[in-house]
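Here's a quick briefing to read alongside the model. Have the 3D view open and click along as you go.

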Amino acid sequence: MKLIATDLDGTLLNEQGEVSKENAEAIKKAITQGYEFVVATGRSYGAANKPLQDVGITCPIISMNGARTYTSDKKVLRSVALDMEMARNIQQVCQGEKMYLEFFTNHGIYSTSREYFVEVMIDVMKSANPNVSEAEIREGAENRLQEEQVAFIENYDDLYAMENLEIFKILGFSLEKERLDKVRAQFSENHAVAITSSGDINLEFNHPEAQKGIALEILASSMGVEMKDVMALGDNLNDASMLKMAGRAVAMENAEEEIKGICQYRTKTNKEHGVAVAIEEMLGEDK
């Protein structure tokens, strides 16, 4: 192996949204031994970079599922936006199913309802953490908005009126699986959009060329690395494209069953420093 590529949420980051000391040390060890290290995430660049900077890791970042790739010195290497007509179509279909939406654009991240987002996040966190107080849950929901720096507008017409607008990703939430399935089905035959998911309650819409696997292959090639020499780690459906293409695909123990099914290797959960465990195992085999 020559390059390590990892997802963030549910993979490299623990339940506090941080890179553990164990994971950070294993990554730095691999880098000192000559391995390249890359992050591939659904997050925006800013939200992806912060937890890495907190532990002193600087690396290329594939953001928004592959819509934008940044070099380690923050330069945009590749950018793939959604077709604007397709974006409007996605918006209308999702709004018809009463989904909360976020638009990831070149001007920032936008939505129209702060209150709806907070209530959705509170419901999600309550079900996942029944012993946590309402105050802590509300604080966690507010932190999510700060991490991604979501701005709120009156309506989406204000968004489309922005000069030189590019929409890289649309993220939609619903607590009702039936609504998510209905929206996904409406676009199942549409080759102008790629739909993935990073959790049970969301759908992520990107241009078909804005996928982690495609972006990773292009980035690796620019480093002189073939995909057969890439170890990729992930836990959810938006990781599938890079895991299928990697020479060494590693599923987290907390990964979706579909992800486990396409990976040759498995590691511990994100709460148990699974990335560090996988890196140490790989380093041991490469000796």
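Let's start with Glu285, which counts as partly exposed because its relative accessibility is 45% (buried means under 20% relative accessible area, exposed over 50%, partly exposed in between, with a 1.4 Å probe and protein chains only). Its salt-bridge partner is Arg248, with the closest N and O atoms 2.9 Å apart; a salt bridge here is a side-chain nitrogen of Lys or Arg within 4 Å of a carboxyl oxygen of Asp or Glu. Bear in mind that this is a predicted model, where local features need pLDDT of at least 70, side-chain atom pairs count only at pLDDT 80 or more, and totals for chains, interfaces and linings use all residues. Residues are numbered from 1 along each chain as its sequence is written, and side-chain values use heavy atoms, with hydrogens and water left out.

**Salt bridges and charges**

- The Glu285 pair links distant parts of the chain, 37 residues apart: Glu285 is in helix α12 (residues 274–286) and Arg248 in strand β13 (residues 248–252). Helices (H or I, at least four residues) and strands (E, at least two) are DSSP runs, numbered from the N terminus.
- Arg248 counts as buried, at 6% relative accessibility.
- Arg248 also lies over the face of Tyr265, 3.9 Å from the ring centre; for a charge to sit over a ring, NZ of Lys or CZ of Arg must be within 6 Å of the ring centre and within 35 degrees of the ring normal.
- In total, the whole structure has 19 salt bridges.
- One of them joins Asp54 and Lys50 at 3.2 Å, N to O. Both lie in helix α3 (residues 45–54), four residues apart, or about one turn of the helix, and both are exposed.
- Lys260 and Glu253 form another, with 3.5 Å between the closest N and O atoms. Lys260 is buried at 12% relative accessibility, while Glu253 is partly exposed at 35%.
- Glu97, Glu176, Arg179 and Lys182 are linked in a salt-bridge network.

**The sheet**

- Six strands make an open sheet with mixed pairing, in the order β8-β7-β6-β9-β11-β10; two strands pair if DSSP finds at least two bridges between them.
- At the edges are β8 (150–152) and β10 (194–196), each pairing on one side only.
- From one strand to the next, the twist averages 25°. Axes are lines fitted to C-alpha atoms, for helices over the stretch in contact, and angles run from 0 to 180 degrees between N-to-C directions.
- Helix α8 (residues 177–186) packs on the sheet, touching β10 and β11 (202–206), and its direction makes about 20° with that of β11. Contact means heavy atoms within 4.5 Å.
- Strands β6 (residues 100–105) and β7 (residues 108–111) run antiparallel and are joined by three bridges; Thr105 has Gly108 as its bridge partner in β7.

**Aromatic rings**

- There are five aromatic pairs in the structure. Rings of Phe, Tyr and Trp (its six-membered ring) pair if their centres lie within 6.5 Å; planes under 30 degrees apart count as stacked, over 60 as edge-to-face and the rest as tilted.
- Tyr100 and Phe173 are a tilted pair, because their planes are at 40°, with ring centres 5.9 Å apart. Tyr100 lies in strand β6 and Phe173 in strand β9 (residues 167–173), so the pair ties together parts 73 residues apart in sequence.
- Phe187 and Phe205 pair edge-to-face, 5.9 Å centre to centre with 70° between the planes, and both are buried.
- Phe103, Tyr156 and Tyr160 are linked into a cluster by ring pairs. The charged end of Arg88 sits over the ring of Tyr160, 3.8 Å from its centre.
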